[in-house]
Amino acid sequence: MISHLRPALVSMGLFTALLGVAYPLAVTGVAQAAFPAQAGGSLVRDAGGKVVGSALIGQVFTAPGYFHGRPSAAGNGYDASASSGSNMGPMNEKLIEREKADATALRAENPGAAIPADAVTTSGSGLDPDISPANARFQILRVAKARGVPEGQVSAIVEAQVLPPLLGFIGQPRVNVLALNRALDARFPKGG
Amino acid sequence: MTWQGWAEIALTLGLAVAIGWPLGVFMSRVWKGERTFLDPILRPVEALLYAACGVDPKKSQSWHGYALALLAFNLVGFILTYLVLRLQGVLPLNPQGFPGLSGHLAFNTAISFVTNTNWQSYAGETTMSTLSQMLVLTTQNVVSAATGATVAAALARAFVANRGEGVGNFWADLIRTTLYVLLPVSFVVAVLLVALGLPQTLSAGVTATTLEGAEQKISLYAVASQEAVKMLGINGGGIFNANSAHPFENPTPLTNLITAISINVLGWASFFAFGRMVMAKKEVRALVMAASVLLFAGAAGIYATETQPAPAQVAAGVDTSVNMEGKEVRFGAPSTAAWAAMTTGASNGSVNGMHSSLMPLGGGIAMFLMQLGEILPGGIGSGIAIMGVMALLAVFVAGLMVGRTPEYLGKKIEAREIQFAILAVIVIPLSMLGFSAVSAVLPEALKGLMHEGPHGLSEILYAYVSGTANNGSAFAGLTANAPWWNVTLAIAMAMGRFLPIVAVLAIAGALVVKPKLAPSAGTLPTDGGLFVGLLVGVILILGGLQFFPAMALGPIVEHFQVLGAVAALR
């Protein structure tokens, strides 16, 4: 064992320098030079240059004139420094009660329409930036009413924001909520 | 279930095997010490490492010399990681200002990363400084994977040798696998992932003002560099608490495809590399076939369960076509099912959806794939090594049936090899079931549970199954950052890692001195459908039957509760 101690200590030291320092710094260097926007967290800025969020990270929307993201289990909702799912099992009573309450509230704003599953379930990360196209369409009625604009125009903005699966079968169709709401604000500047 | 879903699952699993093949060819050249196209850059670095360590890469070690070197290297890694985690509060590059970890958490985390498990009792973004993530966790992600690879290289040499002596040089295998395989592949994948959206920065984060005027603190890290080794090294420890469900670790269907393939690609490559070294391509093709069949069945099973109606969605009166709790919209059922099977079939343990919120049988299948011993295709090197042990047991069982001394890949399999093979596979149920049984009645342990009843038992069982199998995924309702869980899980991880490794090296030591035999008329063919069937049977009996009673009280009984609840609600 003793004879193995020198190579163990030396190799661990050198590997730490190579893998723990040089490798991440080299990737950081290449990333910052070639892909600065992504490397910095895909930040989204307003006209004044102020950071309003990340294109990849969901945020809280509660105003009726905005499209809402999914329920979130990250901190107090969309806490991007405390990602988490609910981790509730399928028979969990709290989960059943929570989904029932959310569905009742949604049913009041668009009676008769089928409620998509992602509107009442929390995501794995609690930071899901997306909703399903069905969920976006479900909310058109409320958003159009709150902004006092025709449903057809809101619908057109939603459809333009739908991202299809890769090659038609990898992943799911989705709508980025932040991008959708920014498009909405751009088209109807007074709303929100 | 849709055809698109099936196509995505088949493509993801299939591409991992397809890309694993050329990488395996390359890996066999690395293990044999042959020239590669990376030599002009890496030969000098390699030579420098040998000189600094004072080792002669040509000097073949006996199996116990090899094992001692491996253990010494891992011991040093453990001590270094433990110290950095304890002291991160006073060390530099801590922009988040996090304090050092508690003793039991640092102990658990150090064992976890050294054993290639990456069980995480902590949430990354509220615990780990940038220095800890980079310096010790990224380093261990790579070298723990390389440690696994050395075992397969040694076992392969034992099968090749004709009355040989040594099983190779641990330091050479470790250094060459790290330099020629893990580092360059990780670098390429890391840069690709940044291009596709993963952050890579030394800043701790930014504070945004949302469209509604609220403040949102967004944690950032050097994510891409660690993400690449986390997947390729089959580690699975997330930078963030939500692991690969977090949009910064896995933002799009394309990053999901690339990282999912990365989970299995070097595991398959190890199978092919082993086959080329032993000159047993057909036999290894049979092993790949057996593992693929089981893995695809697992993915298909999880896809099927996740498209069953979930009780909460039935009660709420919403769409029930997919169980969406704990899943990301961009992934849905197929991406989550493929990932869940690949991460538990390999000893990865990353997740892109929360396993605790899977339907009972979906979570049960994930557990079952780990109980099989992490051989589908398992970790780098460690997967093929344990699969080799399973093959030895399969030929032994066949030998008993016809009353002949069994042979595998030209070596006679006798009592000593089978004793060590049994030792390698008996640790797994002993640790998984033993610790679970104690925890199920210990108030100290039960405090950490989120659920009562069968789902609570599943939380316990999943934790020790995952720890012992060096997987690292969790039913994350369990609050594991407490002394009982941290210490016992650390012991389970160490047992599940090092006892099988030493047993496999002992088998290598026993085989290397034997003469290499040519197959005779009485040799059981180990490259055909008959052997694949026999092997699958041995794997299922060893993995499946001994866990059945425990599984019946957890996921299986919960499945019937779900069926009853859904029927009552409708």
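Predicted model: local features only at pLDDT ≥ 70, side-chain atom pairs only at ≥ 80, totals over all residues.
Helix H3 of chain B, which spans residues 63-87, contains B:Thr81. The relative accessible area of B:Thr81 is 0%, and the residue is therefore classed as buried. A polar atom of the B:Thr81 side chain lies 2.7 Å from the backbone oxygen of B:Gly77. When neighbours within four places in sequence are set aside, B:Thr81 is in contact with B:Ala110, B:Val114, B:Val136 and B:Gln140.

Two of these partners, B:Val136 and B:Gln140, belong to the contact that H5(B) makes with H3(B). Helix H5 of chain B comprises residues 130-160, and its axis is 10 Å from that of H3(B), at an angle of about 170 degrees. Because angles over 145 degrees count as roughly antiparallel, H3(B) and H5(B) are assigned to that class. Their crossing is left-handed. On the H3(B) side, the contact is made by B:Tyr66, B:Leu70, B:Phe73, B:Asn74, B:Gly77, B:Leu80, B:Thr81, B:Val84 and B:Leu85. The H5(B) side contributes residues including B:Leu131, B:Ser132, B:Val143, B:Thr147, B:Thr150, B:Val151 and B:Ala154. The contact residues of the two helices comprise eleven nonpolar and seven polar residues, with no charged residue among them.

The second residue, B:Ser262, is located in helix H8 of chain B, formed by residues 253-278. B:Ser262 has a relative accessibility of 5% and is therefore also counted as buried, the limit being under 20%. Apart from residues up to four places away in sequence, B:Ser262 touches B:Val189, B:Met231 and B:Leu232.

Key
Residues numbered from 1 in each chain as written. Chains lettered and ligands numbered in written order. Heavy atoms only, no water. Helix = DSSP H or I, 4+ residues; strand = E, 2+ residues; numbered from the N terminus. Buried < 20%, exposed > 50% of the residue type's maximum accessible area, 1.4 Å probe, protein only. Polar contact = N/O pair within 3.5 Å; in protein donor to acceptor, adjacent residues only side chain to side chain. Contact = heavy atoms within 4.5 Å. Axes fitted to C-alpha atoms, helices over the stretch in contact; angles between N-to-C directions. Parallel < 35°, antiparallel > 145°, perpendicular 65-115°, else oblique. Left-handed = near helix turned anticlockwise from the far one by under 90°. Nonpolar A, V, L, I, M, F, W, Y, C, P; charged D, E, K, R; others polar.
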